[in-house]
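Work through the exercises below with the sequence and the model at hand. Each task is followed by a solution in steps.

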Amino acid sequence: QLQASGGGLVQPGGSLTLSCAVSGRTYSTAATGWFRQAPGKEREFVAAIRWSGGRTLYAAFVEGRFTISRDNAKNTVWLQVNSLKPEDTAVYYCVAGEYMRKDVNEWDYWGQGTLVTVSS
């Protein structure tokens with residue numbers, strides 16, 4: 001099970017911390033990450049991290065604004081999102097799987113999503 005939280009309404013330039021609590025079968029997967037889906041658009045990869053070793057992968061559009069991290073003891077992954085732009089408005093989904101890939105079809109488990117709205 002993947003429980004995402006931390007979304008909300010934030011002004012442009014603001015920050016949020018999204019969290020994903022991992023439990024059950026998803027706990028045994030090798031990697032956890034985030035996708036997002038803006039209104040009228042397809043889901044796109046945001047970032048991912050491996051539980052062992054902490055290697056990370058980011059989408060190009062992140063441009064250093066987002067940071068993914070994990071706490072193995074707490075089975076939790078965070079996505080720190082800074083310098084938010086209106087185009088970052090989307091539902092952010094937590095995912096888990098064996099391979100850290102940018103392809104939406106490579107991830108086995110999906111959480112319910114948390115909405116991030118960037119607006120003044």
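Cys94 is buried, with a relative accessible area of 0%; buried means under 20% relative accessible area, exposed over 50% and partly exposed in between, with a 1.4 Å probe and protein chains only. The model is a predicted one, in which local features need pLDDT of at least 70 and side-chain atom pairs count only at pLDDT 80 or more, while totals for chains, interfaces and linings use all residues. Residues are numbered from 1 along each chain as its sequence is written, and side-chain values use heavy atoms, with hydrogens and water left out.

**Exercise 1. Find the partner of Cys94 and describe the link.**

Step 1. Apply the criterion: a disulfide is a pair of cysteine sulfur atoms within 2.5 Å. The count by this rule is one disulfide.

Step 2. The partner is Cys20, with the two sulfur atoms 1.8 Å apart. The angle about the S-S bond is -80 degrees, and the link of Cys20 and Cys94 is left-handed.

**Exercise 2. State which elements the protein chain contains and how its radius of gyration compares with the globule rule.**

Step 1. Count the elements: the protein chain has 11 strands and zero helices.

Step 2. The radius of gyration is taken over C-alpha atoms, and the globule rule is 2.2 Å times the number of residues to the power 0.38. For the protein chain the radius is 13 Å, close to the 14 Å that the rule gives for 120 residues, so the chain is as compact as a globular protein of that length.

Step 3. Along the principal axes, the C-alpha atoms fill a box of roughly 40 × 25 × 25 Å.

Step 4. Of the 120 residues in the protein chain, 43% are buried. Contact means heavy atoms within 4.5 Å; among contacts between residues at least 6 apart in sequence, 55% join residues at least 24 apart.

**Exercise 3. Describe the surroundings of Val46.**

Step 1. Val46 lies in strand E5 (residues 44–50) and counts as buried at 0% relative accessibility.

Step 2. List the contacts, leaving aside neighbours within four places in sequence: Val46 touches residues including Trp34, Phe35, Leu57, Phe61, Leu79 and Tyr92. Arg36 is also among the contacts of Val46.

Step 3. For a further distance, take Thr17: Val46 and Thr17 are 29 residues apart in sequence and 14 Å apart in space, C-alpha to C-alpha.

**Exercise 4. Where do Glu63 and Ser83 lie, and what is the phi of each?**

Step 1. Recall the background: most residues other than glycine have a negative phi.

Step 2. Glu63 has a positive phi of about 50 degrees. Glu63 sits in the loop between strand E6 (56–58) and strand E7 (66–71) and is exposed, with a relative accessible area of 57%.

Step 3. Ser83 also has a positive phi, near 50 degrees. Ser83 is in the loop between strand E8 (76–81) and E9 and is partly exposed, at 40% relative accessible area.

Terms used:
Helices (H or I, at least four residues) and strands (E, at least two) are DSSP runs, numbered from the N terminus.
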